[in-house]
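Hi there,

Here is the structure I promised to pass on to you. Have a look at it first, and then read my notes below.

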There are 2 protein chains.
Amino acid sequence: MEQAVLKKLRYSGLGERLTDPVIVHLMANALSNPDLLSLAAGFTDNAALPIDLVRQVVGEVAELPGGSECLQYGMNSGRPGLREAVIGLLSAYQGEQSIELDQDHVLISNGSQQSLYIATQVLCDPGDIVLVEKPSYFVYLEVLKGLGVRPVSIPTLADGRIDLDGLRTLIDRLSRNGDAGRIKALYMVTYHANPSSRCMPEDDKRNLGKLLQSLDFALPVIEDAAYRDLFFEKPFSARSILSLPEYADLPCLYAGTFTKPFATGMKVGYCCCPDKQLLGKMLNVKGQQDFGTANFTQAIIEKVINDGRYENFLREIRPHYGHKMQILHNALKEEGLAEMGWKWDVPAGGLLLWAEAPEGFDTRMGSPFYHACIDDGVLYVPGDYCFAEGSPFNYVRLSFGVLDEERLKEAAKRFVLSVRLACQNA
Amino acid sequence: MEQAVLKKLRYSGLGERLTDPVIVHLMANALSNPDLLSLAAGFTDNAALPIDLVRQVVGEVAELPGGSECLQYGMNSGRPGLREAVIGLLSAYQGEQSIELDQDHVLISNGSQQSLYIATQVLCDPGDIVLVEKPSYFVYLEVLKGLGVRPVSIPTLADGRIDLDGLRTLIDRLSRNGDAGRIKALYMVTYHANPSSRCMPEDDKRNLGKLLQSLDFALPVIEDAAYRDLFFEKPFSARSILSLPEYADLPCLYAGTFTKPFATGMKVGYCCCPDKQLLGKMLNVKGQQDFGTANFTQAIIEKVINDGRYENFLREIRPHYGHKMQILHNALKEEGLAEMGWKWDVPAGGLLLWAEAPEGFDTRMGSPFYHACIDDGVLYVPGDYCFAEGSPFNYVRLSFGVLDEERLKEAAKRFVLSVRLACQNA
């Protein structure tokens with residue numbers, strides 16, 4: 001018996017590489033103060049979730065002839081009707097009417113997250129490189145870490161845009177080091193990005209495409225458009241890589257979701273990939289992971305899209321989040337954050353506000369400032385998690401998705417107070 | 001442009017290893033005959049799916065205070081209430097009252113399939129070995145293939161039970177070849193198994209545990225109990241590995257699901273793992289793949305379990321499938337299959353009937369018999385897919401889940417007719 005207890009369980013390389021995800025640390029810290037107001041979680045607003053609409057739709061689906069079909073297994077790739085609906089939504093964006101996609105280019109996944117994970121599994125071995133933005137989506141950085149893949153940041157210009165000359169220099173440097181063959185994908189969040197809320201201008205996207213075309217290897221591009229539908233006033237004008245001629249010869253993957261804009265609890269996302277071989281390999285992995293996303297939640301979303309109720313819902317929700325963003329933005333301003341040298345862009349969509357503290361201001365988890373915030377009852381995501389190289393340290397990601405108006409104001413007040421105290425102590 | 005087209009996309013090792021799943025071949029063959037009756041798909045019966053119950057429950061959930069919560073993100077590990085309910089269901093089985101599990105030992109996944117996939121990722125590197133039964137669940141064999149893991153069959157006795165002496169010899173042989181260190185898990189389907197419909201007697205399970213305890217390494221055991229709740233008359237008496245003292249010191253993982261017994265379209269399964277480190281690593285991967293199974297479908301299942309309506313539903317559904325099994329069994333008998341030397345056990349649960357043809361009878365995909373069945377309008381799963389070593393070739397897996405009574409009879413008729421013709425032509 002004792003001997004048995006001493007036997008050590010051997011994990012795989014992946015098993016050994018894993019460390020607790022950022023969110024676990026955040027939650028553990030949150031638990032230490034039950035009055036904590038969280039600007040950290042990228043949740044949507046419970047008060048704005050479409051529970052009555054969903055109940056109504058489930059009733060309608062149940063009444064259909066053969067209505068129980070939605071409780072049966074569906075296809076591994078997802079419901080044909082939902083895949084058509086995805087194409088319909090995409091081609092409704094200005095400039096994308098002539099998008100060349102059919103059902104067989106679409107995979108329905110458990111949120112867009114699963115599409116990102118599977119694409120990375122299919123494209124990357126441990127030791128490979130994925131080029132990412134600076135900053136990038138921290139959960140995707142964790143995916144890469146888990147799979148043993150090295151994220152390498154694309155250099156940026158002073159205004160935060162991609163530095164194409166810098167990218168070419170970076171690729172040349174990797175080539176000289178013999179690492180060019182290890183670059184397996186470029187990942188970018190192009191609409192109201194997590195965490196920066198930036199949108200990538202179409203010209204930048206096209207110029208990036210030209211640069212990638214000029215490489216002597218086929219570099220897959222993963223465009224994460226999770227927040228594209230969540231603009232506040234009008235859709236961002238840039239077309240997706242699926243419609244831009246500069247990407248026509250590159251292996252492209254466009255990931256989107258109904259989770260964020262409609263209902264996070266549904267966990268239905270998708271990817272579109274005109275490269276049928278690449279998508280076919282992803283479908284094989286999907287078939288092994290779960291052989292299809294829940295048919296029931298897909299059926300609900302298919303129905304609300306086809307009835308126009310999805311678009312109606314979005315029309316209500318967009319100004320709601322726009323208003324919440326304004327609340328947080330105004331509160332930070334009124335409390336005097338800008339006067340202390342902090343800078344942030346006013347987002348035009350999404351759920352996040354990305355703020356830069358003066359250089360040298362340390363926002364990392366475990367920093368005095370981080371602990372002061374917890375003590376004052378407010379939580380944020382330390383910005384260093386969003387950088388492939390783990391720095392700089394002077395950013396925070398603040399979400400205005402969850403908290404109601406009063407709590408958002410209170411959270412902003414607490415946050416700015418912590419900044420002020422930190423400055424006084426420095 | 002032309003140059004760009006010629007660039008070859010480089011896949012990962014996993015990407016290169018993937019081949020089309022069995023189900024894709026089956027479906028392609030099915031499409032060639034639209035009148036085909038499928039005994040292949042492991043689907044449940046559309047007519048028996050609980051659509052009215054689900055509609056009612058969604059209405060009730062929506063009426064609850066804070067009812068929209070089910071449309072919000074849930075926890076990565078799953079709803080606490082559902083994890084408690086899982087433990088409640090498990091400990092309701094005879095002999096398992098004192099099962100030592102708490103919420104933190106349970107992970108809710110997209111069907112039990114995702115739990116199997118993630119466990120294998122965490123435990124196995126390419127080139128590693130997983131011991132499997134003979135026959136085993138063919139989708140799991142595909143998981144292993146995709147991850148580059150070698151399935152090795154545990155020897156069986158003439159009556160189909162595990163051959164423990166043979167297993168020890170096998171492990172000794174692997175040790176002599178220097179491969180002992182590569183054995184990373186043992187996977188077994190222990191209740192109304194897919195495909196054999198066998199249940200593993202408790203004595204066999206305990207003796208297996210003793211053997212594994214005697215090894216000088218800690219071998220994780222994955223018990224797949226997907227069909228445990230789907231018995232026809234009474235639950236199979238064996239306790240799970242979670243309750244057996246012989247497994248107390250082994251890393252154990254027990255996978256179950258609500259997908260098969262309740263609604264396949266919900267895709268909610270789970271695993272229980274008393275080894276918190278192992279489960280913790282699995283949770284990390286879960287956090288990267290989708291950070292939580294759809295909260296909405298979990299909430300529905302949690303409610304039907306806690307209200308007792310899940311158990312009521314099972315009480316109705318069990319005799320329904322028992323009856324369908326009898327229809328298929330009787331039809332095969334009446335058509336004269338046994339007289340032609342075919343043998344099968346009468347299942348006591350599950351959705352599958354596993355039949356053995358006389359030696360030398362080739363049931364493989366692409367065999368004359370397989371094509372004759374397609375031509376005659378009936379589809380089955382060739383049994384060789386269920387063997388790690390790809391043989392023997394004289395088995396078929398027949399599902400009685402989907403087809404209604406009349407069609408089941410007709411499918412059996414067509415199947416036996418094809419056998420008869422094959423015997424005459426031989």
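Leaving out residues up to four places away in sequence, A:S418 touches A:F369, A:A372, A:C373 and A:D376, where touching, or contact, means heavy atoms within 4.5 Å. A:S418 sits in helix 14 (residues 405-425) of chain A. Helices (H or I, at least four residues) and strands (E, at least two) are DSSP runs, numbered from the N terminus. Is A:S418 buried or exposed? A:S418 is buried, with a relative accessible area of 0%; buried means under 20% relative accessible area, exposed over 50%, and partly exposed in between (1.4 Å probe, protein chains only). A:S418 and A:L26 are 392 residues apart in sequence, and their C-alpha atoms are 18 Å apart in space.

Please keep in mind that this is a predicted model: local features need pLDDT of at least 70, side-chain atom pairs count only at pLDDT 80 or more, and totals for chains, interfaces and linings use all residues. Residues are numbered from 1 along each chain as its sequence is written, chains are lettered from A and ligands numbered from 1 in the order in which they are written, and side-chain values use heavy atoms, with hydrogens and water left out.

Now for the two chains. Chain B is superposed on chain A by a rotation of 180° with 0.0 Å of shift along its axis (RMSD 0.0 Å), using least squares on the C-alpha atoms of residues with pLDDT of at least 70 in both copies. That is how a two-fold axis relates two copies. The copies meet through the same surface, because 100% of the interface residues of chain B are also interface residues in chain A.

Next, the nonpolar cores. In soluble globular proteins, nonpolar side chains tend to be buried together. A nonpolar core here is a set of buried Ala, Val, Leu, Ile, Met, Phe, Trp, Tyr and Cys residues joined through side-chain atoms within 4.5 Å. The largest one has 254 residues, and those with the most contacts inside it are A:W342, A:F415, B:W342 and B:F415. A second, separate core of 26 residues includes A:L131, A:L170, A:L174 and A:L215. Setting aside neighbours within four places in sequence, the contacts of B:F415 include B:L332, B:W342, B:F369, B:C373 and B:Y380.

Which order do the four strands of the open sheet in chain A follow? The order is 9-10-13-12, with antiparallel pairing; two strands pair if DSSP finds at least two bridges between them. Strand 9 (343-344) and strand 12 (381-382) of chain A are the edge strands, each pairing on one side only. Two bridges join strand 12 to strand 13 (residues 395-399) of chain A, and A:V381 has A:R397 in strand 13 as its bridge partner.

Finally, some backbone details. Most residues other than glycine have a negative phi, and most peptide bonds are trans. A:S197, although not a glycine, has a positive phi of about 65°, and A:S197 counts as buried at 10% relative accessibility. A:K267 is not a glycine either, yet has a positive phi of about 50°; A:K267 is buried, with a relative accessible area of 6%. A cis peptide bond joins A:K134 and A:P135, with omega about 10°. The bond from B:S391 to B:P392 is also cis, with omega near 5°.

Best wishes
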